[in-house]
Amino acid sequence: MSQSPAPNDALSPFPTTAALLYSDEPVEADNKDGSLSDYFSDGKSDTTSITPSVRDYVYENGRRYHRYGGEGKYVLPNDETEQDRLDLMHHIQLMALGGELYMAPVKNAQNVLDCGTGTGIWALDFGDSHPESKVTGVDLSPIQPGWTAPNVAFEVDDLEKDWSWEADHFDFIHIRSICNGYFPHNPQLSAPRRTSLPVPPHFSNLIVILDTDPLTIPIHAKPGGWTELSELSFELIAKDNTIPADSALAQYLDCVKRGYAEMGIAFPNARMLKQSMEKAGFVDIVARTVSISSALATLIVLIPCGPWPRNRRLKKLGATVTLVDPAGFEAYGLAPMTRALGMDIEEAKKVCHKAHADLLNPAIHASLPVYYVFGCKPEAG
């Protein structure tokens, strides 16, 4: 059996849960108990000027969506239910990475940018663990806490508009789970010098590809600074083929992918993200490999969806994912199903609820791929 690649320095010594995800050994399903009972009981920033237009929300399908920057620019809701989901998903990704906030080998970062900061939880955690850093979180929605740490600031802005920061400013640019919020070409990490060519839609706001100069360097990243991308896949994986083609889960995934395709949104994979960074001029690019499957060990992080693994740590991680799923299925599914596919709200919610029920079935061994890609801006000269 081949040996998995060693984890990067940021994850050494490798924490126990992340080590399990990194192992070549297959994850064994728990055939005795798929319940959650072992884990759960029954039981505005002062740095941001908030104008009334920022809070002019759209209410649709019983959920609240942003309007600032253009209605529908970001497809997911921004209400309290979604904020809770975002915070719990942040916790899940921390569990998967053994408590680490990022995978790039970032050191002594003075200026840090968190693109699409959401509730601001990543920015606050980074600022707390790096008091030497000044962290700026930017989002379309003013859903960050009214208090911040002294070294953390939030801004409500549209990342597709011109950036006002100086060139060579950020030591670390963190971009997580925002691929479904961008459509038109608007380069902000790269400096266009002549004519740009089309780029993959999930990355078109961040990278410009020049026909005469394919190595255009990201202008807002500091030389030697790192940019990290992490995105969720919409291809749930079951290595033992336990997601039936006629299941509610398969139906949900098909509806959402077709809906997003109609809306012009393409979900990325590690290869697409890495190629985009290469064309933008980043170097030392790593498509980090943390996996519960040796066959996919060079591609993705796989997070178990549901309490199906036998290993207790992975079972707990998968059980925690099921707390995200009820809100997550609706967050990702309602807009594309109703807006793009023309489904009525009751039908769309029924598809979401049945898909969630499938993930509670211990016979379905699904995992969620999460892609982590990071690269460095070359030093001057």
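Which residues does Phe 172 touch, not counting residues up to four places away in sequence? The list runs Tyr 102, Ala 104, Val 106, Ala 109, Asn 111, Val 112, Leu 113, Trp 122, Phe 126, Trp 226 and Glu 228, where a contact means heavy atoms within 4.5 Å.

Before going further, a word on what you're looking at. This is a predicted model, in which local features need pLDDT of at least 70 and side-chain atom pairs count only at pLDDT 80 or more, while totals for chains, interfaces and linings use all residues. Residues are numbered from 1 along each chain as its sequence is written, and side-chain values use heavy atoms, with hydrogens and water left out.

## The cores

Phe 172 is also one of the residues with the most contacts inside the largest nonpolar core, together with Phe 126, Leu 249, Tyr 252, Ile 303 and Met 337. That core has 62 residues. A nonpolar core here is a set of buried Ala, Val, Leu, Ile, Met, Phe, Trp, Tyr and Cys residues joined through side-chain atoms within 4.5 Å. Buried means under 20% relative accessible area, exposed means over 50%, and partly exposed is in between (1.4 Å probe, protein chains only). Helix 6 (residues 312-340) gives the most to this core, with 9 residues. Helices (H or I, at least four residues) and strands (E, at least two) are DSSP runs, numbered from the N terminus. Apart from this core lies another one, of 20 residues, including Leu 113, Trp 163, Ala 221 and Ala 270. In soluble globular proteins, nonpolar side chains tend to be buried together.

Now for helix 2 (residues 80-96). Its 17 residues should span 24 Å at 1.5 Å a residue, and the end C-alpha atoms are 24 Å apart, which agrees; the expected span is 1.5 Å times one less than the number of residues. The buried residues of helix 2 are Glu 82, Gln 83, Arg 85, Met 89, His 90, Ile 92, Gln 93, Leu 94, Met 95 and Ala 96. After the helix comes Gly 98, with a positive phi near 65 degrees.

Helix 2 also gives the most to the lining of the largest cavity, with 6 residues. A cavity is a set of points, on a 1 Å grid over the protein atoms alone, where a 1.4 Å probe fits but cannot get out, and lining residues have an atom within 4 Å of a point. Grid points are joined across faces, edges and corners, and a volume is the space filled by probe spheres set on the points. Of the 35 residues lining the largest cavity, Tyr 74, Gly 116, Gly 118, Ser 177 and Ile 178 lie nearest its centre. Elements giving two or more residues to this lining are helix 2, strand 3 (111-115), helix 3 (121-129), strand 4 (134-139) and strand 6 (170-176).

For the classes, Ala, Val, Leu, Ile, Met, Phe, Trp, Tyr, Cys and Pro count as nonpolar, Asp, Glu, Lys and Arg as charged, and the others, Gly among them, as polar.

| Cavity | Volume | Lining by class |
|---|---|---|
| Largest cavity | about 500 Å³ | 16 nonpolar, 11 polar and 8 charged residues |
| Second largest cavity | about 280 Å³ | 13 nonpolar, 2 polar and 2 charged residues |

In the second largest cavity, 17 residues make up the lining, and the closest to its centre are Leu 236, Asp 325, Phe 329, Tyr 332 and Leu 368. Helix 6 supplies the largest share of that lining, 6 residues.

## A few single residues

Asp 171 sits in strand 6 and counts as buried, at 13% relative accessibility. Leaving aside neighbours within four places in sequence, Asp 171 is in contact with Ala 109, Gln 110, Asn 111, Lys 222, Gly 225 and Trp 226. Asp 171 and Leu 113 are 58 residues apart in sequence but 8.4 Å apart in space, C-alpha to C-alpha.

Thr 117 is in the loop between strand 3 and helix 3, and at 6% relative accessibility it counts as buried.

Most residues other than glycine have a negative phi. Asp 168 has a positive phi of about 55 degrees although it is not a glycine. Asp 168 belongs to the loop between strand 5 (152-156) and strand 6, and is partly exposed, with a relative accessible area of 38%.

Definitions and conventions
On a 1 Å grid over the protein atoms alone, a cavity is a set of points where a 1.4 Å probe fits but cannot get out, and a pocket is an open set with protein on both sides within 12 Å along at least five of seven lines; lining residues have an atom within 4 Å of a point.
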